[in-house]
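Let's take a walk through this structure and see how its parts meet. Have a look at the picture first, then read on.

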Amino acid sequence: MAQAVARVASSDTLASNNARSRRIVDRIATGSLWTAAGSVVALLVIFIGYLFYKGASVISWHFLFGYPSSANAGGGIGPEIFNSFYILILTLVFTLPIAVCAGMYLQEYAGPGRFRDLVQFSAESLATVPSIVMGLFGLLIFVQMFHWHFTALGGALTLTLLNLPAMMRVTQEALAGVPGTYREASMSLGATRWQTVVKVILPSAIGPLITGVVLVSGRIFGETAALIYTAGASVSFGKSAYDFNPFHTAETLAVHLYSTHREALVPDADAIGNGSALVLLVMVLLFNVVARVVGRQLTIRFTGKAS
Amino acid sequence: MVGVRANKAHRDERFALIVLVTCSGIFVVAIALILGFLAFSGTRLFFHDHVSPFEFLFSTNWDGLGGHFGAAPFIVGSLIATGFAILVGGPLGVAIGVFFSELAPKRVADAMKPAIEVLVGIPSVVYGWLGLTVLVPLIGSIFHTGGDGLLAAGIVLSIMILPTVISLSEDALRVVPDSMREGSAALGATRWETISRVLVPSAKSGLAVAVILGIARAIGETLAVQLVLGNAPVFVTSLLRPASALTSEIVMDMGDAPDGTAFQHALFSMAFLLLLIAMGLILLIRFALRKRT
């Protein structure tokens with residue numbers, strides 16, 4: 001590290017006395033970094049503006065709650081929105097207990113050792129498995145091996161595998177934010193480790209934990225590639241397209257955006273695409289806002305301080 | 001009475017530990033199953049259908065229903081799109097990471113962070129849709145082509161890897177101790193000299209990790225790429241012609257490939273190849289971080 005500082009001292013630019021050109025270079029670099037950062041924000045503003053501009057006119061009561069159409073114009077996305085939430089909730093039911101427990105174990109229990117390294121390495125590996133590859137794994141297991149065909153449950157279990165590492169990380173980070181003195185105080189009062197974790201640490205960490213969980217949920221909501229060949233690209237053919245049966249096919253909104261474009265059987269495929277893209281974007285924005293607001297409220301309620 | 005309660009607490013403690021260890025073990029079992037199943041299904045093409053691995057890796061002749069399984073066009077397509085994304089998005093992401101860590105006043109950073117998080121949250125299919133409806137026509141009108149191809153895919157991927165690269169490079173720079181900044185400033189270095197000669201070299205393994213995770217995100221990206229590539233299963237001759245990548249070809253063909261056929265096995269081989277690349281990148285990160293300590 002000290003070498004790097006020495007590099008500055010010995011550099012010829014510094015030795016020579018052209019302080020002015022060095023200042024100019026510094027100004028240019030500073031300006032470029034501001035521009036780079038600003039351009040990304042500008043890009044996001046353009047994205048949001050464009051999607052609203054193109055999609056707003058498509059949005060109507062009928063579009064948001066109506067049934068999709070297979071051949072005619074005027075199809076809605078009601079069942080798709082329902083399926084997105086349904087698969088999200090199923091996914092959370094599986095993901096949360098496993099990931100929170102694993103996060104608690106790694107953060108509060110495990111000392112350095114082989115098992116911890118192995119879990120950590122597995123989580124990192126799991127986190128880099130591409131979504132489409134996870135989708136094919138889901139296809140192998142749930143569709144081909146279990147003969148479930150395309151199902152909401154198969155899709156949710158595939159998404160569980162995909163999102164376990166992110167949820168575990170969120171848990172670890174939330175727990176890591178709790179000061180060590182809380183643990184010491186609790187244990188010195190005679191609490192066991194488990195009592196400490198459940199009654200002291202978890203409530204103190206609840207704000208950041210929920211913030212993280214909601215942000216990851218936003219990503220689950222928009223997941224596509226892993227679902228096309230596990231939950232399917234069509235809505236349920238049961239009694240109603242709003243179908244709670246986890247063993248029926250369940251096309252989510254994100255998959256719908258893809259399949260409408262690919263099949264393009266309806267004349268208004270572009271309009272449906274624009275509308276679906278806008279709804280997906282608004283959901284992402286909502287998840288972000290909710291994450292912040294709820295996280296802050298819970299932190300205030302459980303720890304009595306605003307953070 | 002106290003004894004009974006202490007006993008119960010002790011039992012709870014043991015039970016809790018079993019549950020927590022089991023949940024942690026699920027991670028290990030999950031990745032082992034994924035590797036195992038994809039290794040099996042991904043090599044059926046070679047062991048069961050007797051297609052040579054060399055044909056799969058190096059032949060450019062792809063005709064899934066006709067029995068030709070040369071995946072070279074997709075491998076090259078994936079590599080070019082990813083390479084483009086890293087060349088554009090990598091330096092840009094690191095620069096913005098530097099901005100957040102070294103330049104941004106707290107108020108500006110607080111205002112911009114949520115924007116980065118929204119960029120992470122936007123589903124890849126929406127990026128693809130934006131690429132398809134904005135970028136592809138734009139490229140088409142500039143170069144008088146259809147507009148879809150590896151250039152469009154590369155640009156979309158450059159934007160998509162930004163959040164990953166930005167936040168990880170920022171983290172990497174933040175762990176450089178302030179004494180380095182102070183030492184450099186005390187020697188009369190300007191801020192840019194401190195950044196380029198002290199901070200970036202000191203954080204280089206962390207920055208490498210940021211870029212490698214960017215590569216991992218880009219190479220596995222499916223729908224954003226599929227929607228703008230044009231999906232022609234031919235060897236790439238121009239960044240402006242329709243092309244295909246490993247991920248996009250899997251998603252295009254999987255619906256048409258009947259179970260148990262060599263065609264489907266070839267698609268699983270492509271998925272297995274993607275998995276091997278991802279695992280390779282993880283090992284590379286381990287290596288980069290081990291060298292630092």
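In which helix of chain A does Ile89(A) lie? The answer is helix α5, which covers residues 78-109. Keep in mind from here on that this is a predicted model. Ile89(A) also belongs to a nonpolar patch on the surface, together with Phe85(A) and Val93(A). Taken together, these residues of the patch have about 260 Å² of accessible area.

**Where the chains meet**

The size of an interface is often given as the accessible area lost when the parts come together. Here, chain B and chain A bury about 7700 Å² between them, and 80% of that is on carbon and sulfur atoms. On the chain B side, Leu20(B), Phe27(B) and Trp129(B) supply 11% of the area buried against chain A, more than any other three residues. In terms of contacts, 92 residues of chain B touch 88 residues of chain A.

There's some polar pairing across this interface too. Between chain B and chain A, 16 residue pairs are in polar contact, counting pairs with both residues at pLDDT 80 or more. Which helix gives the most to the side of chain B that touches chain A? That's helix α1 of chain B (residues 2-47), with 21 residues.

**Charged pairs**

Side chains of opposite charge can pair when their charged atoms come close. Over all chains, the structure holds 11 salt bridges, and 3 salt bridges are found across the interface of chain B and chain A. One salt bridge links Glu117(B) with Arg292(A), with the closest N and O atoms 2.6 Å apart. In another, the side chains of Arg22(A) and Glu193(B) meet at 2.7 Å, N to O. Arg22(A) sits in helix α3 (residues 19-55) of chain A while Glu193(B) sits in helix α8 (residues 191-202) of chain B, so this pair joins two chains.

**Inside each chain**

Chain A is split into domain 1 (2-55) and domain 2 (61-303). The contact between them draws on 5 residues from domain 1 of chain A and 7 residues from domain 2 of chain A. Chain B is split into domain 1 (2-48) and domain 2 (57-292), and here the contact takes 11 residues from domain 1 of chain B and 10 residues from domain 2 of chain B.

| Domain pair | Buried area | On carbon and sulfur atoms |
|---|---|---|
| Domain 1 and domain 2 of chain A | about 560 Å² | 84% |
| Domain 1 and domain 2 of chain B | about 900 Å² | 82% |

Which residues of domain 1 of chain A lose the most area to domain 2 of chain A? They are Leu51(A), Phe52(A) and Gly55(A), which together make up 68% of what that side buries. In domain 1 of chain B, the residues that lose the most area to domain 2 of chain B are Leu35(B), Leu38(B) and Leu45(B), together 52% of what that side buries.

As for the centres, taken over C-alpha atoms, those of domain 1 and domain 2 of chain A are 37 Å apart. For domain 1 and domain 2 of chain B, the C-alpha centres lie 32 Å apart.

What about charged and polar pairs here? Domain 1 and domain 2 of chain A have 0 salt bridges between them and 0 residue pairs in polar contact, with both residues at pLDDT 80 or more. Between domain 1 and domain 2 of chain B, the count is 0 salt bridges and 1 residue pair in polar contact, again with both at pLDDT 80 or more.

Key. Residues are numbered from 1 along each chain as its sequence is written. Chains are lettered from A and ligands numbered from 1 in the order in which they are written. This is a predicted model: local features need pLDDT of at least 70, side-chain atom pairs count only at pLDDT 80 or more; totals for chains, interfaces and linings use all residues. Side-chain values use heavy atoms; hydrogens and water are left out. Patches are made of residues with over 30% relative accessible area and no salt bridge: like charges are joined within 9 Å, nonpolar side chains (Val, Leu, Ile, Met, Phe, Trp, Tyr) within 5 Å. Accessible areas come from the Shrake-Rupley method with a 1.4 Å probe; for residues, only the protein chains shown count as cover. A salt bridge is a side-chain nitrogen of Lys or Arg within 4 Å of a carboxyl oxygen of Asp or Glu. Helices (H or I, at least four residues) and strands (E, at least two) are DSSP runs, numbered from the N terminus. Domain bounds come from an automatic or database domain assignment. Contact means heavy atoms within 4.5 Å. Buried area is the accessible area (1.4 Å probe) that two parts lose on being put together, summed over both. A polar contact is a pair of N or O atoms within 3.5 Å; within protein, one must be able to donate a hydrogen and the other to accept it, and residues adjacent in sequence count only if both atoms are side-chain atoms.
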